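Dear colleague,

Please find below the structure that I am handing over to you. My notes on what was found in it follow directly after.

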Amino acid sequence: MARQLELAGRPFGFEEDKIEYVKPARRSKYNPDFHVLKKRDGSKMYIESKGRFLTEDRAKHLLIRDQHPELDIRFVFQNANAKISKTSTTTYARWCTDKGFKFSDKGQIPKDWLNE
């Protein structure tokens, strides 16, 4: 993804920002994979690259979203059609859609994201 950002001529940082959020009963920090500087509106876009999307990851991102609704966090999955667990029919893509997160598949950052 770093190469895609470079080829697109988009400045970015890798795991440079730390975003505080509260897990029940303890304060934690989230280190986004990439932040793209800046969208046309002047805000940052955070891109999280995911192979596996574990229960802990999903819970963390719901907490962050609820505590920081102003942040634009998006996911780039290696396989958005993977199931969230062996016993679930829900895919990573469906989870994101249901929870209101933007996502893409096959490790590709959509060009329209880069043009924002």
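Predicted model: local features only at pLDDT ≥ 70, side-chain atom pairs only at ≥ 80, totals over all residues.

The loop between S6 and H3

Gln78 lies in the loop that joins S6 to H3. With a relative accessible area of 52%, Gln78 is exposed, because exposed means over 50%. Apart from its neighbours within four places in sequence, Gln78 is in contact with Lys50, Gly51, Asp105, Lys106 and Gly107. Gln78 and Ser104 stand 26 residues apart in sequence, and their C-alpha atoms are 8.7 Å apart in space.

Ser88 also belongs to this loop, which runs between strand S6 (73-77) and helix H3 (92-99). Is Ser88 buried or exposed? Its relative accessibility is 18%, so Ser88 counts as buried, the limit for buried being under 20%. The side chain of Ser88 reaches the backbone nitrogen of Thr90 at 2.9 Å.

Thr90 is likewise found in the loop between S6 and H3. At 23% relative accessibility, Thr90 counts as partly exposed. When residues up to four places away in sequence are not counted, Thr90 touches Ala82, Lys83, Ile84 and Trp95. Thr90 and Ile109 are 19 residues apart in sequence and 22 Å apart in space, C-alpha to C-alpha.

Helix H2

Helix H2 comprises residues 55-67. At 1.5 Å a residue, its 13 residues should span 18 Å, and the C-alpha atoms at its ends are 18 Å apart, which agrees. Which residues of H2 are buried? They are Asp57, Arg58, Lys60, His61 and Ile64. These residues cover an arc of only 160° around the axis, so they lie on the same side of H2. The face turned away from that buried side carries the exposed residues Thr55, Glu56 and Asp66. The cover over the buried residues of H2 includes strand S2 (19-23), strand S3 (26-30), strand S5 (45-50), S6 and H3.

Salt bridges

How many salt bridges does a search of the whole structure find? The search finds 13. Several of them can be described individually.

Lys50 takes part in a salt bridge with Glu48, where the side chains meet at 3.9 Å, N to O. Asp57, one of the buried residues of H2, also forms a salt bridge with Lys50, and here the closest N and O atoms are 3.6 Å apart. These residues are buried: Glu48 has a relative accessibility of 5%, Lys50 has a relative accessible area of 9%, and Asp57 has one of 14%.

Asp105 and Lys106 form another salt bridge, with their closest N and O atoms 3.6 Å apart. Asp105 counts as partly exposed at 23% relative accessibility, whereas Lys106 counts as exposed at 61%.

An open sheet of five strands has the order S1-S4-S5-S6-S7, and its pairing is mixed. The edge strands are strand S1 (12-14) and strand S7 (103-104), each of which pairs on one side only. S1 runs antiparallel to strand S4 (residues 34-36), and three bridges join the two. Among the residues involved, Phe12 has Val36 in S4 as its bridge partner.

Backbone angles to check

For Glu15, phi is about 50°. Glu15 is placed in the loop between S1 and S2, and it is partly exposed, with a relative accessible area of 35%. For Lys106, phi is about 60°. Lys106 is placed in the loop between S7 and helix H4 (111-114); as noted for its salt bridge with Asp105, Lys106 is exposed, at 61% relative accessibility.

With kind regards

Conventions: Residues numbered from 1 in each chain as written. Heavy atoms only, no water. Helix = DSSP H or I, 4+ residues; strand = E, 2+ residues; numbered from the N terminus. Buried < 20%, exposed > 50% of the residue type's maximum accessible area, 1.4 Å probe, protein only. Polar contact = N/O pair within 3.5 Å; in protein donor to acceptor, adjacent residues only side chain to side chain. Expected span 1.5 Å × (residues − 1). Arc of directions from axis to C-beta. Contact = heavy atoms within 4.5 Å. Salt bridge = Lys/Arg side-chain N within 4 Å of Asp/Glu carboxyl O. Pairing = 2+ DSSP bridges.
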